[in-house]
Amino acid sequence: MAKIKFKDYYVEKLEYNENENYIEQSSSSLEVETSPSVDIVFKEDFILIVFEDKIGNVENENCPFTVNIKLNAFFEYKVEENEEDKELLNTLISQNAIAIVYPYIRSLVADITQRSNRFPSFILPTINVAKLMKNNDAIKFHFLNND
């Protein structure tokens, strides 16, 4: 049976910028879009998940900031050498592993927007991010040789 185990993560990029086109509003609700994507890299007995998200849009006058984030997460995996187990592993990674990593992204975005001390803290919605990325064809698999 295929198994994955979350090992560690690190933030490669975390960038916050105020939107110069933002027109301040009396409402406290923010219009902030998110565009997550994931690269899944298989190498020997581990998997690297490169989770990127571009949050906000400078052309949106109702969006006060943009955040660009790139987080690398590492998983170990075990799989039997049959097709059913390999398919199960792909499902575990493209759904469960992404769901494990997403709260770290949410926390970082909430923290950096709160620390700006300029606009209300922004918390990414609780969503099925893996389904969103699958629907937007934003999950890419890469297989590296074991040489």
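In which loop does aspartate 137 lie? Selecting this residue in the predicted model shows that aspartate 137 belongs to the loop between α2 and β5. Its phi angle is near 50°, a positive value in a residue other than glycine. Aspartate 137 counts as exposed, since its relative accessibility is 55%, and exposure requires a value over 50%.

Next, select glutamate 44, which is found in the loop between β2 and β3. Here too phi is near 50°, and the residue is again not a glycine. Glutamate 44 is partly exposed, with a relative accessible area of 43%.

**The whole chain**

Now display the complete protein chain. Its secondary structure consists of two helices and five strands, and along the sequence these follow the pattern β-β-β-β-α-α-β. The C-alpha trace spans about 60 × 25 × 20 Å along its principal axes. The chain has 147 residues, of which 37% count as buried. Its accessible surface comes to about 9,000 Å², and carbon and sulfur atoms account for 45% of that surface. Among contacts with a separation of 6 or more, 72% are between residues 24 or more positions apart.

**The sheet**

Colour the strands next. Five of them form an open sheet in the order β1-β4-β3-β2-β5, and the pairing is mixed. At the edges stand β1 (residues 3-18) and β5 (residues 139-143); each has a single partner strand, so one side of each is left without a neighbour in the sheet. From one strand to the next, the twist averages 15°.

In general, the strands of a sheet pair through backbone hydrogen bonds, either parallel or antiparallel.

**The nonpolar core**

The largest nonpolar core has 38 residues, and among these Ile47, Ile49 and Phe51 touch the most other members. The elements that give two or more residues to this core are β2 (34-43), β3 (46-55), β4 (65-78), α1 and α2 (129-135). The most is given by α1, with eleven residues. In soluble globular proteins, nonpolar side chains tend to be buried together.

**Threonine 113**

Finally, select threonine 113, which lies in helix α1 (residues 83-115). Is threonine 113 buried or exposed? Threonine 113 counts as buried, because its relative accessibility is 1%, and buried means under 20%.

Two polar neighbours of its side chain can be picked out. The side chain of threonine 113 reaches the backbone oxygen of valine 109 at 2.9 Å. A polar atom of that side chain also lies 2.9 Å from the backbone nitrogen of phenylalanine 122. Once neighbours within four places in sequence are set aside, threonine 113 is in contact with Tyr16, Phe65, Val67, Phe119, Ser121 and Phe122.

Key:
Residues numbered from 1 in each chain as written. Predicted model: local features only at pLDDT ≥ 70, side-chain atom pairs only at ≥ 80, totals over all residues. Heavy atoms only, no water. Helix = DSSP H or I, 4+ residues; strand = E, 2+ residues; numbered from the N terminus. Buried < 20%, exposed > 50% of the residue type's maximum accessible area, 1.4 Å probe, protein only. Polar contact = N/O pair within 3.5 Å; in protein donor to acceptor, adjacent residues only side chain to side chain. Contact = heavy atoms within 4.5 Å. Core = buried A, V, L, I, M, F, W, Y, C linked by side-chain atoms within 4.5 Å. Pairing = 2+ DSSP bridges. Axes fitted to C-alpha atoms, helices over the stretch in contact; angles between N-to-C directions. Areas by Shrake-Rupley, 256 points an atom, 1.4 Å probe, with all protein chains shown as cover.
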